[in-house]
Amino acid sequence: MAHDYDDQNIFAKILRGEIPNSTVLETEHSLAFRDIAPQAPDHVLVIPKGSYVTYDHFATTASDAEIVDYTRAVGKVCEMLGLTPGDGYRLIANTGRNGVQDVPHLHVHILAGRRLGRMLPPQG
Ligand code: AMP
């Protein structure tokens with residue numbers, strides 16, 4: 001299925017500088033910034049600068065340079081936050097309707113600084 005990119009999504013606006021963000025790290029192909037509604041003491045989003053909707057979209061179509069840059073950016077943020085080695089963290093990429101993705105631009109959440117509980121709540 002094709003991934004139609006909506007260039008009016010909020011992270012596209014952040015990348016264009018139309019709305020502010022709390023930047024943690026900027027690289028050639030990636031941007032990391034603090035989540036506006038943090039769910040843990042550390043809650044950082046890492047996005048590629050390219051127009052990718054989901055992780056699989058990125059992983060299957062981005063250039064090698066973008067993929068290396070993005071992967072290294074995630075690692076660098078973990079280092080900057082003192083998470084590695086440390087008490088650990090959770091990396092989440094909510095995707096599509098079932099994954100409850102609100103913003104249709106690839107982002108991974110890095111959550112840390114408290115016990116995060118089980119990965120998923122009990123089914124119900
Ligand atoms: P998701 O449900 O995985 O798409 O998560 C989207 C995340 O983006 C949520 O955790 C929001 O709090 C966060 N968010 C929305 N708008 C902004 C913004 N302007 N700056 C930083 N984070 C944002």
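Residues are classed here as nonpolar (Ala, Val, Leu, Ile, Met, Phe, Trp, Tyr, Cys and Pro), charged (Asp, Glu, Lys and Arg) or polar (the others, Gly among them). The structure is a predicted model, in which local features need pLDDT of at least 70 and side-chain atom pairs count only at pLDDT 80 or more, while totals for chains, interfaces and linings use all residues. Residues are numbered from 1 along each chain as its sequence is written, and side-chain values use heavy atoms, with hydrogens and water left out.

By these classes, the lining of the largest pocket comprises 18 nonpolar, 10 polar and 6 charged residues. A pocket is an open set of points on a 1 Å grid over the protein atoms alone where a 1.4 Å probe fits, with protein on both sides within 12 Å along at least five of seven lines; its lining residues have an atom within 4 Å of a point. The volume of the largest pocket is about 860 Å³, a volume being the space filled by probe spheres set on the points, which are joined across faces, edges and corners. Of its 34 lining residues, D35, Q39, H43, N94 and H109 are the closest to the centre. Two or more lining residues come from each of α1, β2, β3 (42-48), β4 (89-92) and β5 (108-112); helices (H or I, at least four residues) and strands (E, at least two) are DSSP runs, numbered from the N terminus.

The ligand sits in the largest pocket, by the criterion that more than half of its atoms lie within 2 Å of the grid points. Elements giving two or more residues to the shell around the ligand are α1 (10-15) and β2 (30-34). This shell has 8 nonpolar, 4 polar and 3 charged residues. D35, N94, D102, H107 and H109 come nearest of the 15 residues around the ligand, where a residue is near if one of its heavy atoms lies within 4 Å.

The ligand taken alone exposes 510 Å², of which the protein buries 84% (Shrake-Rupley method, 1.4 Å probe).

The second largest pocket holds about 270 Å³ of space. Among its 15 lining residues, D87, G88, R114, R115 and L116 lie nearest the centre.

Two backbone features lie in loops. The peptide bond from T84 to P85 is cis, with omega near -5°, and P85 is in the loop between α3 (64-80) and β4. V100, in the loop between β4 and β5, has a positive phi of about 55° although it is not a glycine.
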